[in-house]
Amino acid sequence: MSAIHIVRDYPHPPEKVWRAVTDPELIPRWTATGAGARPAGFATTVGTTFKFIANPKPGWSGVVLCEVLEVREPSLLRYSWQDESGGEVTEVAYRLTPHGSGTRFTYDHTGFTGAGGYFMARILGAVRTKMLTKGLPAVLNDLDDQGNLRRQIPLDPKRP
């Protein structure tokens with residue numbers, strides 16, 4: 001079985017990181033450094049079904065179906081992940097822990113099986129690493145101490 005495991009430390013409190021990774025208005029700002037995705041119907045309530053909608057690519061509609069499985073604000077978000085066209089159901093977990101004067105963010109995406117799963121984990125892992133290394137820090141730096149955007153930068157209008 002293949003998995004993605006990424007750990008990043010951010011010089012921001014857990015509540016601020018939680019807001020950046022769970023606020024539907026902020027999520028597209030940090031996912032834009034990867035495939036770009038916006039959540040449709042997302043809420044941090046167990047049982048919520050939602051979609052991540054990104055720009056389609058050859059062989060992929062750009063839509064992922066998800067369901068919130070577990071929430072412990074501001075330390076854990078766990079949800080299922082399945083391509084709209086079917087295939088295996090995998091699982092994503094965000095774990096936030098205080099670390100020094102900031103937050104350690106652990107991203108796990110598990111459940112990839114077989115050769116196809118191995119390659120999918122490699123591809124998604126590279127994209128997620130970029131989002132968590134470049135995209136999320138930029139969003140965190142744009143939030144004030146109350147978690148509000150300091151400046152309103154419009155998202156790319158070509159994005160879904």
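Hi everyone. Let me start with a definition: two strands pair if DSSP finds at least two bridges between them. Helices and strands are themselves DSSP runs, numbered from the N terminus, with at least four residues of H or I for a helix and at least two of E for a strand.

A word on the source. This is a predicted model, where local features need pLDDT of at least 70 and side-chain atom pairs count only at pLDDT 80 or more, while totals for chains, interfaces and linings use all residues. Residues are numbered from 1 along each chain as its sequence is written, and side-chain values use heavy atoms, with hydrogens and water left out.

Now, the sheet. It is open, has 7 strands with antiparallel pairing, and runs in the order β1-β7-β6-β5-β4-β3-β2. The edges are taken by β1 (2-10) and β2 (38-40); each has a single partner strand, so one side of each is left without a neighbour in the sheet. From one strand to the next, the twist averages 25°; axes here are lines fitted to C-alpha atoms, for helices over the stretch in contact, and angles run from 0 to 180 degrees between N-to-C directions.

Let's look at one pair. Strand β3 (residues 49-53) is joined to strand β4 (residues 63-72) by 5 bridges, in the antiparallel sense. Phe 52 has Val 64 in β4 as its bridge partner. Packed on the sheet is helix α3 (residues 114-141), which touches β1, β5 (76-83) and β7 (102-112), and its direction makes about 15° with that of β1. Contact, by the way, means heavy atoms within 4.5 Å.

Next, two residues. Glu 70 sits in strand β4. Is Glu 70 buried or partly exposed? Its relative accessible area is 23%, so Glu 70 counts as partly exposed; buried means under 20%, exposed over 50%, and partly exposed in between, using a 1.4 Å probe and protein chains only. The side chain of Glu 70 makes a polar contact of 2.9 Å with the side chain of Arg 72. Such a contact is a pair of N or O atoms within 3.5 Å; within protein, one must be able to donate a hydrogen and the other to accept it, and residues adjacent in sequence count only if both atoms are side-chain atoms.

His 109 belongs to strand β7, and it is buried, with a relative accessible area of 0%. Its side chain is joined to that of Thr 90 by a polar contact of 2.7 Å. Not counting residues up to four places away in sequence, His 109 touches Ala 3, Ile 4 and Trp 81, among others.

Helix α1 (residues 14-22) has 7 of its 9 residues buried, so it is largely enclosed by the rest of the structure. Among those buried residues are Trp 18 and Val 21.

On a 1 Å grid over the protein atoms alone, a cavity is a set of points where a 1.4 Å probe fits but cannot get out, and a pocket is an open set with protein on both sides within 12 Å along at least five of seven lines; lining residues have an atom within 4 Å of a point. A volume is the space filled by probe spheres set on the points, which are joined across faces, edges and corners.

The largest cavity holds about 30 Å³, and its lining includes Val 21 and Phe 52. The largest pocket has a volume of about 670 Å³. Of its 35 lining residues, Trp 60, Trp 81, Met 120, Leu 124 and Arg 128 lie nearest its centre. Which element gives the most to that lining? Helix α3 does, with 8 residues.
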